[in-house]
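I am opening my notebook on a new model.

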Amino acid sequence: GWARSAVRSAAVTERPGDSAAAPTPEPAGHRWWRVLLPAAPDVLGLLVAQGKVSVNGLTAFEAWSHAGGQETAAAVRSAQHDAYTARRELLAALQSALSTPVDQEDLYVLSERVDRILTEAKNTVREAEVLGWTPDAHAGRMGERLAAGTRALVAGFELLRNAPEDA
C-alpha cells in the first residue's frame, strides 16, 4: 500500500550531518527504517558551531580587554546572543536524537559551560561600562587567556567530531 510507495520514493538519502555530500542510493532492503526513524542530528557539529561563535565572542572580549571601546563591547554582546541561538539549536537536536556519539548529558554540560564563559565575559563588559572602568594590562592578559582557552576547547570539540579515536 501507501507505505511501500513511500519507501520507494525515499530511494536517495543524504548522510546525517553531511549536507554537502552527494546523495547516495541505498539498497532497497535498507530504506524502510528511514521512513520510521528521523535522521540523526549532527550534535557534535552543532557543538562545534556553538563553540566557534563563542570563540568569536571571546576574541572580541580579548580586544575589548586591551583597550575597551564601544565597538568591541557591542561585538561581545552580539556574539553572546548568537551563541545563545546556537545553543538552542543544539539543545533541540539533543531532544530529538535517539542516540548520540557522546552521552547527551555530557554534550549538554559542554554546551552550558562554553556558553557560560561567553556570558560572563559579556557581564564583565556590562559591569565595566556601568562602573566607568577601562580595562588595564591585567584585564588584557585575562582576555588573552580566556580566548586562548576557548580556542583550545573548541579545537577539542572539532577533534572529537572529526577524529574521535584521537580525542
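Is arginine 151 buried, partly exposed or exposed? I looked it up: arginine 151 counts as partly exposed, at 36% relative accessibility. I use the cut-offs of under 20% relative accessible area for buried, over 50% for exposed, and in between for partly exposed, with a 1.4 Å probe and protein chains only.

Note on the source. This is a predicted model, in which local features need pLDDT of at least 70 and side-chain atom pairs count only at pLDDT 80 or more, while totals for chains, interfaces and linings use all residues. Residues are numbered from 1 along each chain as its sequence is written, and side-chain values use heavy atoms, with hydrogens and water left out.

Entry on salt bridges. I counted a salt bridge where a side-chain nitrogen of Lys or Arg is within 4 Å of a carboxyl oxygen of Asp or Glu. The structure has 5 of them.

I looked up glutamate 158 and lysine 52, which form a salt bridge with their closest N and O atoms 3.1 Å apart. Glutamate 158 sits in helix α6 (residues 137-162) and lysine 52 in helix α3 (residues 43-67), so this pair ties together parts 106 residues apart in sequence. Helices here are DSSP runs (H or I, at least four residues), numbered from the N terminus. Both partners are partly exposed: glutamate 158 has a relative accessible area of 27%, and lysine 52 has 43%.

Next I went back to arginine 151. Its side chain meets that of glutamate 62 in a salt bridge, at 3.2 Å from N to O. This pair also links distant parts of the chain, with arginine 151 in helix α6 and glutamate 62 in helix α3, 89 residues apart. Glutamate 62 is buried, at 18% relative accessible area.

I then noted arginine 113 and glutamate 112, a salt bridge with the closest N and O atoms 3.1 Å apart. Arginine 113 counts as exposed at 51%, whereas glutamate 112 counts as partly exposed at 24%.

Entry on helix packing. At what angle do the axes of α3 and α4 cross? I found roughly 170 degrees, with the axes of α3 and helix α4 (residues 70-96) coming within 8 Å. Axes are lines fitted to C-alpha atoms over the stretch in contact, and angles run from 0 to 180 degrees between N-to-C directions. The two helices are therefore roughly antiparallel, a term I use for angles over 145 degrees.

How values were computed. Parallel < 35°, antiparallel > 145°, perpendicular 65-115°, else oblique.
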